[in-house]
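Please look over the model shown here before reading on. The report below walks through its fold, its core and its charged pairs.

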Amino acid sequence: MKRLTGPTPEEARRAEIHALLQELTEWRRLSGFDPEERVLGEVRSTGESNAAMLELRRRLQELGARFHWSPERREYVLEEGTEERTEEEGKPGAAPPSSAS
């Protein structure tokens, strides 16, 4: 039976993360930066792409997404475990997860 309501908050969060990653990848391509090349003079950015990429990264971090550039896929991808947050992490005002190992 189909659900009559819209996506759950977690489904909406995942969809937003994936859309932001696609947009971040596109801005990286538009900037002319090829992560395989180390020649910085090849970058065609006027600064607009840098600003857009910084804003997208900020938004992704606010959503709790951990991501990195995948040279094989030539796109930004989520790191494992990013998709799943515990109930405590999802509660408003919850402390961010500890990065201490």
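The sections below go from the overall fold to individual side chains.

## Overall fold

This is a predicted model. The protein chain has three helices and two strands. Along the sequence, these elements follow the pattern α-α-β-β-α.

The protein chain has 101 residues, and 24% of them count as buried. Take the contacts between residues at least 6 apart in sequence: 53% of these join residues at least 24 apart.

## The nonpolar core

The largest nonpolar core holds 13 residues. Those with the most contacts inside it are Ile17, Leu21, Leu24, Leu60, Ala65, Phe67 and Tyr76. Four elements each supply at least two core residues: α1 (9-31), α2 (48-62), β1 (67-70) and β2 (75-78). The largest share comes from α1, which gives four residues.

Phenylalanine 67 is worth a look of its own. Leaving aside residues up to four places away in sequence, Phe67 touches Leu21, Leu24, Arg57, Leu60, Tyr76, Val77, Leu78 and Glu79. Among these partners, Leu21, Leu24, Leu60 and Tyr76 are also on the list of core residues with the most contacts.

## The aromatic cluster

The structure holds two aromatic pairs. In one of them, the rings of phenylalanine 67 and tyrosine 76 have centres 6.0 Å apart. Their planes stand at 75°, so this pair is edge-to-face. Phenylalanine 67 and tyrosine 76 are both buried.

Tyrosine 76 also pairs with tryptophan 69. Here the ring centres are 5.1 Å apart and the planes are at 75°, so this pair is edge-to-face too. Tryptophan 69 and tyrosine 76 are both buried. Phe67, Trp69 and Tyr76 form one aromatic cluster.

Start with the length of α2. The helix has 15 residues, and at 1.5 Å a residue they should span 21 Å. The end C-alpha atoms are 21 Å apart, which agrees.

Which residues of α2 are buried? They are Ser49, Ala52, Met53, Leu56 and Leu60. Seen down the helix axis, the buried residues of α2 fall within an arc of 100°, so they line one face. What covers these buried residues includes α1, β1 and β2.

The face of α2 turned away from the buried side carries exposed residues: Leu54, Gln61 and Glu62. Just after α2 comes glycine 64, which takes a positive phi of about 85°.

## Salt bridges

Side chains of opposite charge can pair when their charged atoms come close. How many salt bridges does the structure hold? There are six. Three of them are described here.

In the salt bridge between the side chains of arginine 73 and glutamate 75, the N to O distance is 2.7 Å. Arginine 73 is exposed, with a relative accessible area of 54%. Glutamate 75 is partly exposed, at 24%. Elsewhere, salt bridges that share partners join Glu10, Arg13 and Arg14 into one network.

## Pairs along the helices

Glutamate 10 is partly exposed, with a relative accessible area of 24%. Arginine 14 also counts as partly exposed, at 34% relative accessibility.

Helix α2 has a pair of its own. The side chains of glutamate 55 and arginine 58 meet in a salt bridge at 2.4 Å, N to O. Glutamate 55 and arginine 58 are three residues apart in α2, so about one helical turn lies between them. Glutamate 55 counts as partly exposed, at 34% relative accessibility. Arginine 58 is partly exposed as well, at 36%.

Conventions:
Residues numbered from 1 in each chain as written. Predicted model: local features only at pLDDT ≥ 70, side-chain atom pairs only at ≥ 80, totals over all residues. Heavy atoms only, no water. Core = buried A, V, L, I, M, F, W, Y, C linked by side-chain atoms within 4.5 Å. Buried < 20%, exposed > 50% of the residue type's maximum accessible area, 1.4 Å probe, protein only. Contact = heavy atoms within 4.5 Å. Salt bridge = Lys/Arg side-chain N within 4 Å of Asp/Glu carboxyl O. Expected span 1.5 Å × (residues − 1). Arc of directions from axis to C-beta. Phe/Tyr/Trp six-rings, centres within 6.5 Å; stacked < 30°, edge-to-face > 60°.
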